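User: Hi! Could you walk me through this model?
Analyst: Happy to, here it is.

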Amino acid sequence: MGDRDRTDDHVARWTPILPDLDPDTEGAVTRMVHFVQHIRHVREQLLAASGLQRHEYDTLHALAGRGGTAAPTQLAGDLGMPPNSITGRLDALERRGFVRRSPSATDRRRVVVQLTPAGRSAWRDALDGVGVEEDRLLGALDPEERRTLSDLLRRVMLRAEQKAS
């Protein structure tokens with residue numbers, strides 16, 4: 001069968017204890033968990049090296065995902081936070097020169113948050129580092145296999161999202 005990973009040992013250990021255990025399901029789920037843990041660990045290392053905290057990266061990422069300009073309430077919604085909780089994050093990011101706030105051109109009572117070049121650079125450095133590791137890991141698959149993996153995981157997630165609703 002080829003090389004073994006730590007999940008193979010995990011499945012071999014649990015199969016005699018739980019005879020009804022489906023080794024393919026257990027293997028797939030355990031590998032997905034380990035993959036996500038690995039990517040999170042790499043991201044945390046990259047953030048620490050870049051001087052960004054996780055919540056700063058998440059906020060810059062949400063802002064970049066809106067084209068670099070958004071209302072604070074939009075960012076709060078994207079981050080799953082109460083709107084009044086975003087102010088502290090934006091204050092800290094503004095002090096670091098990563099964002100700037102200005103009055104809305106259409107409604108002076110509202111504020112618009114913009115990603116600065118320094119903020120975009122900090123976000124991209126962290127994002128690109130994680131992307132390199134994702135490419136390294138998924139480089140074990142050819143393009144067709146990556147597409148198949150993505151399609152299979154989509155089907156699984158559609159089932160998960162259906163159940164959660």
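User: What covers the buried residues of helix H1?
Analyst: The cover includes helix H2 (23-50). Before we go on, this is a predicted model, so local features need pLDDT of at least 70 and side-chain atom pairs count only at pLDDT 80 or more, while totals for chains, interfaces and linings use all residues. Residues are numbered from 1 along each chain as its sequence is written, and side-chain values use heavy atoms, with hydrogens and water left out. Helices (H or I, at least four residues) and strands (E, at least two) are DSSP runs, numbered from the N terminus.

User: Which residues of H1 are buried?
Analyst: In H1 (residues 6-14) they are Thr7, Asp8, His10 and Val11. Buried means under 20% relative accessible area, exposed over 50%, and partly exposed in between (1.4 Å probe, protein chains only). Those four cover an arc of only 160 degrees around the axis, which puts them on the same side of H1. The arc is taken from the directions from the helix axis to the C-beta atoms.

User: And what does Asp5 do at the start of H1?
Analyst: One of its side-chain oxygens reaches to within 3.1 Å of the backbone nitrogen of Thr7.

User: Now H4. Which of its residues are buried?
Analyst: Pro72, Leu75 and Ala76, in a helix that runs over residues 72-79. Their arc is only 100 degrees around the axis, which puts them on the same side of H4. The cover over them includes helix H3 (54-64), strand E1 (69-70), helix H5 (86-95) and strand E3 (111-115). After H4 comes Gly80, with a positive phi near 70 degrees.

User: How many residues are in the largest nonpolar core?
Analyst: There are 21, and Leu52, Leu60, Leu63 and Leu75 have the most contacts inside it. Such a core is a set of buried Ala, Val, Leu, Ile, Met, Phe, Trp, Tyr and Cys residues joined through side-chain atoms within 4.5 Å. H3, H4, H5, E3 and helix H6 (117-138) give two or more residues each, and H3 gives the most, with 5 residues.

User: What is Leu60 in contact with?
Analyst: Apart from neighbours within four places in sequence, Leu60 is in contact with Leu52, Leu93, Phe98, Val99, Leu115, Gly119 and Trp123. Contact here means heavy atoms within 4.5 Å.

User: Changing topic: where is Thr116?
Analyst: Thr116 sits in the loop between E3 and H6. It counts as buried, because its relative accessibility is 8%. The Thr116 side chain reaches the backbone oxygen of Gly97 at 2.5 Å. Not counting residues up to four places away in sequence, Thr116 touches Gly97, Phe98, Val99 and Arg100.

User: Is Arg43 buried or exposed?
Analyst: Arg43 is buried, at a relative accessible area of 16%, and its place is in helix H2. Leaving aside neighbours within four places in sequence, Arg43 is in contact with Arg54, Tyr57 and Val130. The C-alpha atoms of Arg43 and Val130 are separated by 5.9 Å, though the two are 87 residues apart along the chain.

User: Last one: which residues lie nearest the centre of the largest pocket?
Analyst: Phe35, Leu138, Leu141, Leu149 and Leu153, out of 18 lining residues. H2, H6 and helix H7 (143-164) each supply at least two residues of that lining, and the largest share, 7 residues, comes from H7. A pocket, found on a 1 Å grid over the protein atoms alone with a 1.4 Å probe, is an open set of points with protein on both sides within 12 Å along at least five of seven lines; lining residues have an atom within 4 Å of a point.

Key
Polar contact = N/O pair within 3.5 Å; in protein donor to acceptor, adjacent residues only side chain to side chain.
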